[in-house]
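Please open the structure in your viewer and keep the sequence beside it, so that each selection can be followed step by step.

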Amino acid sequence: FPSHEGCATSVTTLLQSGIIPISNYETGVDVRDFGIAISNFNKNFLESTQEAIDVALSVSDSSFKNYIGNLYFSAERFTQNAFRTNFAEIIQKLVW
C-alpha cells in the first residue's frame with residue numbers, strides 16, 4: 001500500500017478517484033503514461049507548473065482517452081491487494 005516513504009499518496013488517491021494527475025517526478029509515481037509530468041520542477045516551480053497546466057488544457061480528445069485508459073490500468077497497481085501480492089512475492093524470493 002503506498003505510503004509517504006515510497007510515493008506520494010495524493011497521486012495514488014487521484015488515480016483511485018479517476019483523476020488525471022499533474023505532478024513532478026519527486027512524488028515517486030511516474031505519471032508519464034497516465035498524467036502530466038511537471039519537468040524542471042526544482043529550477044522554476046511556477047513556470048514549470050504553468051507549462052504542465054497548459055499541456056493538460058490542450059490535450060486532444062484522443063490523448064485524453066489514452067490517459068483515461070492508462071489511468072485505470074495504473075490505478076490497479078496502487079491498491080492494497082496489489083501491494084500485498086507484490087510484497088509477498090518479494091519476501092518469498094528473499095527467503096527461498
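The stops below go from a helix to the core, and then on to two further helices.

This is a predicted model, in which local features need pLDDT of at least 70 and side-chain atom pairs count only at pLDDT 80 or more, while totals for chains, interfaces and linings use all residues. Residues are numbered from 1 along each chain as its sequence is written, and side-chain values use heavy atoms, with hydrogens and water left out.

Select helix α1, residues 9-17, where the buried residues are Val-11, Thr-12 and Leu-15 (helices are DSSP runs of H or I with at least four residues, numbered from the N terminus; buried means under 20% relative accessible area, exposed over 50% and partly exposed in between, with a 1.4 Å probe and protein chains only). These residues lie on the same side of α1, because they cover an arc of only 95° around the axis, taken from the directions from the helix axis to the C-beta atoms. Just after α1, Gly-18 has a positive phi of about 80°.

Next, select Cys-7, Val-11, Leu-15, Val-29, Val-31, Phe-34, Leu-71 and Phe-78, the eight residues of the largest nonpolar core (buried Ala, Val, Leu, Ile, Met, Phe, Trp, Tyr and Cys residues joined through side-chain atoms within 4.5 Å). Beyond its neighbours within four places in sequence, Val-11 is in contact (heavy atoms within 4.5 Å) with residues including Pro-21 and Thr-27.

Then move to Thr-49 in helix α2, residues 45-57, which counts as buried because its relative accessibility is 18%.

Finally, select Phe-87 in helix α4, residues 80-95, which counts as partly exposed at 44% relative accessibility.

Conventions:
Helices (H or I, at least four residues) and strands (E, at least two) are DSSP runs, numbered from the N terminus.
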